[in-house]
Amino acid sequence: MDMVSREKLAMLAGCDDARLLEIERLGIIEPGTNGYAVSDVSRLRLVMALEEAGIGLDQLAEGLQRQVFSLEFASQLIFDPVTISETSIGEAMVDSAIDLADINALRSSAGLPLLGPEQPLREDDAEFMQLIAQCAALGASADGMQRVLRVSGQSMRRCIDAMRDLFRGEVEDPMLNAGLSYREVLAAGAAKRLALQRIGVRVLFLLQRRILEEAVFDNVVGRLQDALHEQGLDSGRGDEEMPAVAFADLAGFTALTHDIGDARAAEKAARFEALAQQLSLSCGGRIIKPLGDGVMMLFPDAGAAVETSLSLVEQCSAHELPEVRCGVATGQVVPRDGDIFGRTVNLAARIVAAAEPSQILVCGSTHGATADERQDLDFSALDPKPLKGFSDPVPLFSVDRKL
């Protein structure tokens, strides 16, 4: 088994010496005879993530001592891809637990071409079939796998299309504008194309691994918090704040498209999405999905959603964007296939539709969660508004920064 020194463990996990000493003292992570196991890096990072989420080291140590949970699983949080050998479709299907029709249904969900029985099999197709069979053996349903592949395929295609557009716009077009022929452009761009492809594939892998890591730690932290709560070992902070959903869109975008043309309007929409992503991430939120001239964002609490909405409205002019309007609702959401659903989402969507340009409207729950905490904000109660899909008029508040 590979071993690492104490100093190496701390460096790889990004842990300071005092923190590691306390973790050792409590027996949460302990060295072996020859040092620490490489898997202790993941365990230590998980311990730090739990502490940052509000679980004290004393609570964690007691939970381990009482065997509420174990950290032995930490070395299995992230997996590495496996290698495969060349084979034909016919050879691959001989011992497969899934038939070709099922494989093609899954491939179709991901936007991949269908396979025929006489077709030569690519390496990635062979591995795809092997991995699908493994998922099925572990209990994953065909419908569940199709949902994941559909979302993954759509997201990946958007990433690849953006990479293609970058190459066309920043490598090929300048050469064409300089007078090179298409033949010359294609020849001159070949070396750059291959180099950028290698870089792009690696960057996508690194991004996917990082986002997967965050999702795994988030899920594990939630499970361990539940385990500690059931054993009476929670921090006494009370229930976590409800998440908040914010919709933001560019006011008058249809008219803008007519005035300046599709291409320039698309550039402004892309600039708006980039700004929304930057501001939401800075407040601990994220974009769930772009909506052409708008975005839907999810935040851990109402305050973060309101702060991002205010910043969006304030910064649109500096980024040469039309006025932005925002709607925020706070409450439970239902996650599904990378998207979110439920009454809170529907309410936020209806609220933004009722907002005026440069206005931020929030529901009563959002107001209640932020008004007392944010003395720098000015909330104005509006007359309850009838919103589509809601039987009774909904109380709303507009929000601005106090001058």
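The mean positions of the 38 positive and 61 negative charges of the protein lie 5 Å apart in the predicted model, where Lys and Arg count as positive and Asp and Glu as negative, with His and the chain ends not counted, and where the place of a charge is taken as NZ of Lys, CZ of Arg, CG of Asp or CD of Glu. The model being predicted, local features need pLDDT of at least 70 and side-chain atom pairs count only at pLDDT 80 or more, whereas totals for chains, interfaces and linings use all residues. Residues are numbered from 1 along each chain as its sequence is written, and side-chain values use heavy atoms, with hydrogens and water left out.

The protein contains 14 helices and 11 strands, assigned as DSSP runs (H or I of at least four residues for helices, E of at least two for strands) and numbered from the N terminus. Along the principal axes, the C-alpha atoms fill a box of roughly 70 × 65 × 45 Å. The accessible surface amounts to about 23700 Å², and carbon and sulfur atoms contribute 52% of this area, as computed by the Shrake-Rupley method with a 1.4 Å probe. Of the 403 residues, 38% are buried, the classes being buried at under 20% relative accessible area, exposed at over 50%, and partly exposed in between (1.4 Å probe, protein chains only). Among contacts with a separation of 6 or more, 67% join residues 24 or more positions apart, a contact being defined by heavy atoms within 4.5 Å.

T257 belongs to helix α10, which spans residues 253-260, and T257 counts as buried because its relative accessibility is 19%. Apart from neighbours within four places in sequence, T257 is in contact with D262 and A265. M156, in helix α8 (residues 142-177), has a relative accessible area of 38% and is therefore partly exposed. Between M156 and R264, which are 108 residues apart in sequence, the C-alpha to C-alpha distance is 25 Å.

S358 is found in the loop between α13 (343-354) and β9 (360-363); with a relative accessible area of 29%, S358 is partly exposed.

Strand β6 includes R325, a residue that is partly exposed, given its relative accessible area of 22%. When residues up to four places away in sequence are not counted, R325 touches S358 as well as F247, A248, D249, V352, A353, A355, E356, P357 and Q359. R325 and Q197, by contrast, are separated by 128 residues in sequence and by 38 Å in space, C-alpha to C-alpha.
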